[in-house]
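Open the model in your viewer and keep the sequence panel beside it.

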Amino acid sequence: MPTATQIGTDIGGYAGVAHLYRLSAPLTDRVQGQAHDHVVVFTVEGFGQPETLIVPARSDGSAIVMNKLPGSVTGIADHAGALWVAGGFEHGEPYEIVIPEPEPEPEPEPEPA
């Protein structure tokens, strides 16, 4: 099963809540004919209904272009749902979302005796 690992949350510069994902199996931008292994997924409210968009991105979360990738859907505001559709469309099975464990806090230095 392909995976979408969340590597950034609340990415700025988008019209709605946006998260950055690294894909184990890339999505193809049908307009440009290029495959992308980083995408930003964000949700917006337009014309009275929600829309979830997937766009190709750089590893820093900035969009390469604002072309909608497979999985962009109207009528739902759901990142997991959009990635499920994207994986099914592109690879025949949905992306499994992976949210890495947070980095552990460093141990405090012991005080000198």
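This is a predicted model: local features need pLDDT of at least 70, side-chain atom pairs count only at pLDDT 80 or more; totals for chains, interfaces and linings use all residues.

## Stop 1: a buried threonine

Now place Thr52 in the fold. The residue belongs to strand S4, residues 49-56. Is Thr52 buried or exposed? Its relative accessibility is 0%, so Thr52 counts as buried. Show its surroundings, leaving out residues up to four places away in sequence: the contacts include Val41, Phe42, Thr43, Gly71, Ser72 and Val73. His79 and Ala82 are also among them.

## Stop 2: helix H1

Stay at Asp78 and move to the start of H1. There, a side-chain oxygen of Asp78 comes to within 3.2 Å of the backbone nitrogen of Ala80.

Select residues 79-91. That is helix H1, with 13 residues. From first C-alpha to last, H1 reaches 18 Å, close to the 18 Å expected at 1.5 Å a residue. Just after H1, click Gly92: its phi is positive, about 85°.

Which residues of H1 are buried? Colour His79, Gly81, Ala82, Leu83, Ala86, Gly87 and Glu90. Then show what they pack against: strands S1 (3-8), S2 (18-29), S3 (34-46), S4, S5 (73-74) and S6 (96-98).

## Stop 3: the salt bridges

How many salt bridges does the structure hold? There are 2.

Glu90 counts as buried because its relative accessibility is 19%, and the cut-off for buried is under 20%.

Next, select Lys68 and Glu51. This salt bridge spans 2.7 Å, N to O. Lys68 lies in the loop between S4 and S5 and Glu51 in strand S4, so the pair ties together parts 17 residues apart in sequence. Compare the two ends. Lys68 is exposed, at 51% relative accessible area. Glu51 is buried, at 18%.

## Stop 4: an aromatic pair

Select Tyr14 and Phe42. The ring centres of Tyr14 and Phe42 are 5.2 Å apart and the planes stand at 40°, so the pair is tilted. Tyr14 lies in the loop between S1 and S2 and Phe42 in strand S3, so the pair ties together parts 28 residues apart in sequence. Both residues are buried.

## Stop 5: zoom out

Clear the selection and show the cartoon. The protein chain has 1 helix and 6 strands. Along the sequence, they follow the pattern β-β-β-β-β-α-β. Taken along the principal axes, the C-alpha atoms fill a box of roughly 65 × 30 × 25 Å.

Colour by burial. Of the 113 residues in the chain, 40% are buried. Switch to the surface: the chain exposes about 6,700 Å², with carbon and sulfur atoms supplying 53% of that area. Among contacts with a separation of 6 or more, 44% are between residues 24 or more positions apart.

Terms used
Residues are numbered from 1 along each chain as its sequence is written. Side-chain values use heavy atoms; hydrogens and water are left out. Helices (H or I, at least four residues) and strands (E, at least two) are DSSP runs, numbered from the N terminus. Buried means under 20% relative accessible area, exposed over 50%, partly exposed in between (1.4 Å probe, protein chains only). Contact means heavy atoms within 4.5 Å. The expected span of a helix is 1.5 Å times one less than its number of residues. A polar contact is a pair of N or O atoms within 3.5 Å; within protein, one must be able to donate a hydrogen and the other to accept it, and residues adjacent in sequence count only if both atoms are side-chain atoms. A salt bridge is a side-chain nitrogen of Lys or Arg within 4 Å of a carboxyl oxygen of Asp or Glu. Rings of Phe, Tyr and Trp (its six-membered ring) pair if their centres lie within 6.5 Å; planes under 30 degrees apart count as stacked, over 60 as edge-to-face and the rest as tilted. Accessible areas come from the Shrake-Rupley method with a 1.4 Å probe; for residues, only the protein chains shown count as cover.
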